[in-house]
Protein chains: 2
Amino acid sequence: MATTDKASPRDRLLDAAAELFYHDGVSIGVEALCRTAGVSKRSMYQLFDSKDEVLAASLERRAPGYAARLIPGPDDAGTPRERILYVFEQAERASTEPAYMGCPFLAALVELKDPDHPASVVARTAKESLQEAFRAQAELGGAQDPALLARQLMLVFDGASARAGTKVETLDDGLTTRTVTVLLDAAGMR
Amino acid sequence: MATTDKASPRDRLLDAAAELFYHDGVSIGVEALCRTAGVSKRSMYQLFDSKDEVLAASLERRAPGYAARLIPGPDDAGTPRERILYVFEQAERASTEPAYMGCPFLAALVELKDPDHPASVVARTAKESLQEAFRAQAELGGAQDPALLARQLMLVFDGASARAGTKVETLDDGLTTRTVTVLLDAAGMR
């Protein structure tokens, strides 16, 4: 509301969920979630059917900003090849931030271990949307098999996300852009 | 012991831990663990300091079998290129099994979100040992930059593991072997 500078209970819950689930994992309890959000459990259950729904909604709200950060807009300049590489440059940049723990959607999928969980459905949609952005650019760039190239790029993207997010790898020497360049060349991408 | 066909409480705990943590995640509680193992909590705490130590020990016990399944033995035939591809062929094969949920070590790292957790340390060692196997074969095969190629192969391996393990991708059309072939060619591997 315009008369208050305080976020709504719903927004506070989704902010707390995004933060807690990303840093501590999806097994964080309702108590901790409500405490961090400054919202009573009663209020939470008035807004959401379950913690699972809070998690799903928090990932859903995060998706557009995540995509906007990674994927160049339709009016941004660049060849299809440059637009694909941009995604990996952005991921490499993000991986150096102290709070980085990899792709939140991939992490949720790995942790939930249930493709039918409402948050898994949201996470899968976010991953599919990145894959489709790759495929569209691969097609524009004349790749021999755009769908295959998009799947290969997702392997690299998610492998890098999981490995850098868990601190077994670092990306800031251009590991992914170098790897992706090889795949783009082999696919005949302009 | 030879006089009984029953596994020891320690083995039962480690078997139950490997199974439960892989299928349900690392947040499984001590109650469920002990119930599945048929071991009292008291016995568990006589054998292990904490659930974290059970998890670490279960991953540690799983590592040699996991490596033996993926990595060809020193006496197995094959060029360095074939030996690298073998790892991915095995992973593609494993991914079609109903119980497949990706690499257990990667999943533990993603779920634990703490590089210093005793089970993360074990998991990281397992990942490093696969990476070193790749690097050694890359060197034998004359790759231009064996260390870089090994890191690239790990991106593909872990990306495939996370994606196929969470059912957002399928590998049985040879996705990883095709991708790896591109990387091996570009690295000048024999």
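This is a predicted model: local features need pLDDT of at least 70, side-chain atom pairs count only at pLDDT 80 or more; totals for chains, interfaces and linings use all residues.
1. The fold of chain A. Chain A contains 9 helices and 0 strands, and reading along its sequence gives the pattern α-α-α-α-α-α-α-α-α.

2. A link within chain A. Asp15(A) and Arg61(A) form a salt bridge in which the closest N and O atoms are 2.2 Å apart. Because Asp15(A) lies in helix α1 of chain A and Arg61(A) in helix α4 of chain A, this pair ties together parts that are 46 residues apart in sequence. Over all chains, the structure holds 24 salt bridges.

3. The extent of the interface. The size of an interface is often given as the accessible area lost when the parts come together. Here the area buried between chain A and chain B is about 3400 Å², with carbon and sulfur atoms giving 68% of that area. In terms of residues, 42 of chain A are in contact with 42 of chain B.

4. Charged and polar pairs across the interface. Between chain A and chain B the rule finds 8 salt bridges, and one of the salt bridges in the model joins Glu111(B) to Lys113(A), with 2.9 Å between the closest N and O atoms. Across the interface of these two chains, the rule also finds 14 residue pairs in polar contact, where both residues are at pLDDT 80 or more.

5. On the side of chain A that touches chain B, the elements that give two or more residues are α1 (9-24), α6 (104-112), α7 (118-140), α8 (146-165) and α9 (175-186) of chain A. Helix α8(A) gives the most to this side, with 11 residues. By class, the residues on the side of chain A that touches chain B divide into 19 nonpolar, 10 polar and 13 charged.

6. The largest pocket. About 410 Å³ of space lies in the largest pocket, which is lined by 24 residues, with Tyr22(B), Tyr66(B), Arg69(B), Ala94(B) and Tyr100(B) lying nearest its centre. At least two lining residues are supplied by each of α1 (9-24), α4 (51-70), α5 (80-94) and α8 (146-165) of chain B, and the largest share of the lining, 5 residues, comes from α4(B). The lining of this pocket divides into 15 nonpolar, 5 polar and 4 charged residues.

7. The second largest pocket. The second largest pocket holds about 340 Å³ of space, and of the 21 residues that line it, those closest to its centre are Tyr22(A), Tyr66(A), Arg69(A), Ala94(A) and Tyr100(A). In chain A, α1, α4 (51-70), α5 (80-94) and α8 each supply at least two residues of this lining. Its residues comprise 13 nonpolar, 5 polar and 3 charged.

Notes: Residues are numbered from 1 along each chain as its sequence is written. Chains are lettered from A and ligands numbered from 1 in the order in which they are written. Side-chain values use heavy atoms; hydrogens and water are left out. Contact means heavy atoms within 4.5 Å. Buried area is the accessible area (1.4 Å probe) that two parts lose on being put together, summed over both. A salt bridge is a side-chain nitrogen of Lys or Arg within 4 Å of a carboxyl oxygen of Asp or Glu. A polar contact is a pair of N or O atoms within 3.5 Å; within protein, one must be able to donate a hydrogen and the other to accept it, and residues adjacent in sequence count only if both atoms are side-chain atoms. Helices (H or I, at least four residues) and strands (E, at least two) are DSSP runs, numbered from the N terminus. Ala, Val, Leu, Ile, Met, Phe, Trp, Tyr, Cys and Pro count as nonpolar, Asp, Glu, Lys and Arg as charged, and the others, Gly among them, as polar. On a 1 Å grid over the protein atoms alone, a cavity is a set of points where a 1.4 Å probe fits but cannot get out, and a pocket is an open set with protein on both sides within 12 Å along at least five of seven lines; lining residues have an atom within 4 Å of a point. Grid points are joined across faces, edges and corners, and a volume is the space filled by probe spheres set on the points.
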